[in-house]
Amino acid sequence: VKEMIRLLSDNERTYDWKREFDDVLEDASDEILESLGKLNPSKWRRQYLQTRFFETGDNFYLGMEFNREYDVWKKEIVHNIVEGSTRMRKVTGTISNSIDRLWYEAAFEVISQGDVYNPSGSAFIPKVYLINAKKNVHLNTLKIGDSFRISRAMDQKYEVLIPGDKKIWVRSVEGYLYSLEGDENVLREADLTRSPDGNTESKVAIATFPVAHLVSHRTVSVQQSKHWCTFPIGDAQSSPHFMRYSGLTGAAINSMLINNYIGAGLNSSTVFTQDRAMQLSQETNWSNEEVVRRGTGGNFGDDGFLRPGFKYTDMAEYLYYKAIEMDVYEEGVESQVPLTANTLCDSLDSRVDAMFQNAMLKKFASALVPRGMELMISYLNAVETSMSTAILNKILVEMKCDEHLTNEAAFLAEFQLFADEVIDMTAIKGDGALMSKTKSRWSERFENLFDAYLPSSKLQEKVREYMTRAHIMVDIVRKSYLVARDDHINGTRISSEAENEPKSVDYLVVDLAVEAKSFANGLGTSALLATISLGLTNSSVSIHVTIFWTILVAFVNVFVAFGTMTNVSRYQNRNEEFRTEFLSKKMPRVERSLFKTLSPSARNRVTSNPISKQLQNSVQDFKTSAEYYGVSCDEILSLYIDLETDRIESVENLMEKIRSYFIPIVYHKETYLKDSLLKVHNAAGELLDLLQDIGGNGEADDLFVMMLEKLPTYNMRLQNSLQTGPIKYGFRREGKPMRQCIMFAPFRYWLFRICNALFSGNDASCWLPVSTVTKSMCINIQKCNEYIGGNKLKCEARDLKELFYATMESAHASTVYFVACLSFTFALLSTTINLVTAIVIRTQSISRDELPAWLDLTRRCIQGGSAVASIFAALCALEYFIKLLYHQRKVIIATEELPQGISKTVGKVTYIARLQSFISLSRALAAALSVSALACGFIFNLSEDLSPWGVKG
């Protein structure tokens, strides 16, 4: 938004942008600029640009999902600008498109300044122009690739091939080359995609459309003339979210399937059969499922990128047309056999399975059954009633439009009564298993309808055809629910498959994070290079050879040390992100668990009830989300205001209303709001459990109350210790407070370790480090577990232990970064001073002993500092290798104790562990030798440096 303001007020392109708007409506640019100044984007819900970029040949595609607040603002400002204009309808689209171009150009500027590009290439990012210039410029001011039109001849577009000052070579859209004078007046052209003629801008060069997920309800659409049909392909058949996945693969498969279908029509044995239509339909639905699955991911949970959401009526309409397509599948049902209740119930599974793969059923399930509602009877009954109503109403609408039933008004009226009757039965007799008895109940009442009305056989056949489609629709809904229920019972209904990925194959022998595996290698290599450099410095080799190799070694060490810095920074950032997430998500759970274990009398001693606070926060989050999506929430807020949090009946009423009314009826289309409501329901459930639970036995109340009273102070200290600033260049964290300065990192880390060892059982947390307080809390919770018996707080103790380890690893990473930074700094200094030394020796033709005093002193100081830094680096590497060797030896001992011949895999693991332990031992010895060599060299050089003052080494 700031960049948009700058483009309209203080930029070299300001004149062009003002003319872009003012040429459409006078003073439109001033109104837009004034409105932009009133925006407060810092309060927007999503504080980042969401983009997707890829190239195809000479064209580049950039997709961007607009912030909802921007879209709302754009519609409002466009309405205000064009209101009252005689060309209102015509200029609305023009102004809106120009604002989108302004947003995009501002977005390009922000992206070019952000941490998106490779740092080495950030200076070469081309400028992108999204509108044609309105002011003449000289041709020699343009860069290579810029397009333009000559002011005196605007019919042709050119682009600069070879820039220059006086003569510029340009190319026309036809490919002809011309040379033009540098002072030629030209108008810069926009950089957007051109039409096929290359001269005019494409109509879809920049386009905005609602973010949607599409799956066609028909594979083939027969037109009014049965000699014609249409085949939707690509985005018309199935379109994933453009930010996640491209539909090009699906388009290619669609084209291939259509070719196969047409090819089968040329075969006399298949042209008049249903086989080719069945194969086309089934394989197209398989392709749709694959495109949808890759485009949306898990479809539920916090990471659902584009969640399926629909009205019951819309789903019924979609399923109806899929049921029509399923009419070609008649396995198990002979056309001459009357379709009774028994034969109908047994004939549909193969049809549904052929048209809907498991992943597609999961899409419906994610919208119909939120995670956590799979076994809630009142919720499922409400959904069944709504879906039954939608299905039967759709069937009735289609029957009324059928030309064969236009004269059967009396029967249609009876069918309407039948539909109302079975819907009422569903609402009364629902058993909580979604659509489990719907088909049999409908079939029974349906036969009674025929017995009472006695329709003709032709009418019966036609109506049974519609009821067959209704049964197919019910079957799809039921199967979707069964997928959700079974996944819930088996614990596989997770947000993303990534959460269930197996560990890497080497985790048994190297049980460390990916970045941490390279710490010691980098530090050890830096120490080794410093050892070589120190040895060359003290050798009797020619000064020219020594200087050359010392420069080379130090120069290599610059990149090795920098690589260690980036790795350790990324590792620390991951630990800090875990700590930040722990404070916001897991710490409230720890607080609630502690509160639940209190006896009822002790709960009154705690200042605030964390469970009531959770309910309040969840309701507030729901209100914020409802306002964000433009949905009213007054009814549920009124219900919450009237809630009596100390009465079980009042809380149960709130939960029942959410289950049976708000989620399945009021907000059934709003998928994200259903998730927010589910959090309100779960929070109310915890409050209900608290009211029904008598709590602990009171033995550990004093300890629990003390911990709960200190938690707000601890949370504040934990919040202050977090590093939450932006990350630059992919690894460097900005915005650290002075107390977390890298210069104090070793002191802070060793202070943590000493206090952890001496004061971990101390309850006084006002002066102890945050790591020590975390460890003390973990110890106290373990004690509480012993007092109350069982493992009620085992999960919380483990969570706090992970927080403690993350805190220590973050502090340790800061220390390693400090050491790597020292190695990097002294490697740079060593390279620089040796270059200076080489220049001085070469220009003045002097020996090593004849160097100027200032230069000799500087060299010795840098050598000493480099040795000290490298000693620390080698010690850090040695510590790491010893820990790794200890872990690998434990693996070897554990595998050797297993019975012989139990598995070949165990033998392979033992072999790999032995090999890795030998490598770790070799590295540990190398690091130890580096420490010894560097220490000896440092002492030797120090004794030589101090010998003029009478100090002997």
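In this predicted model, six strands form an open sheet in the order β3-β8-β4-β5-β6-β7, with antiparallel pairing, where two strands count as paired if DSSP finds at least two bridges between them, and strands (E, at least two residues) and helices (H or I, at least four) are DSSP runs numbered from the N terminus. Because β3 (137–138) and β7 (177–181) each have a single partner strand, they stand at the edges, and one side of each is left without a neighbour in the sheet. The antiparallel strands β3 and β8 (residues 185–188) are joined by 2 bridges, and V137 stands opposite V186 in β8.

The axes of helices α26 (residues 794–844) and α27 (residues 853–896) come within 9 Å and cross at roughly 150°, the axes being lines fitted to C-alpha atoms over the stretch in contact, with angles from 0 to 180 degrees between N-to-C directions.

Confidence is given as pLDDT, the predictor's value for each residue from 0 to 100. The chain has a mean pLDDT of 80, and 84% of its residues reach 70 or more. The table gives the elements with the lowest and highest mean pLDDT.

| Element | Residues | Mean pLDDT |
|---|---|---|
| helix α9 | residues 341–345 | 44 (lowest) |
| helix α21 | residues 648–666 | 93 (highest) |

Over residues 496–501 pLDDT stays under 50, and the model has 2 contacts (heavy atoms within 4.5 Å) for them beyond four places in sequence. Where pLDDT is low, the predicted coordinates should not be read in detail.

Residues are numbered from 1 along each chain as its sequence is written, and side-chain values use heavy atoms, without hydrogens and water. In this predicted model, local features need pLDDT of at least 70 and side-chain atom pairs count only at pLDDT 80 or more, whereas totals for chains, interfaces and linings use all residues.
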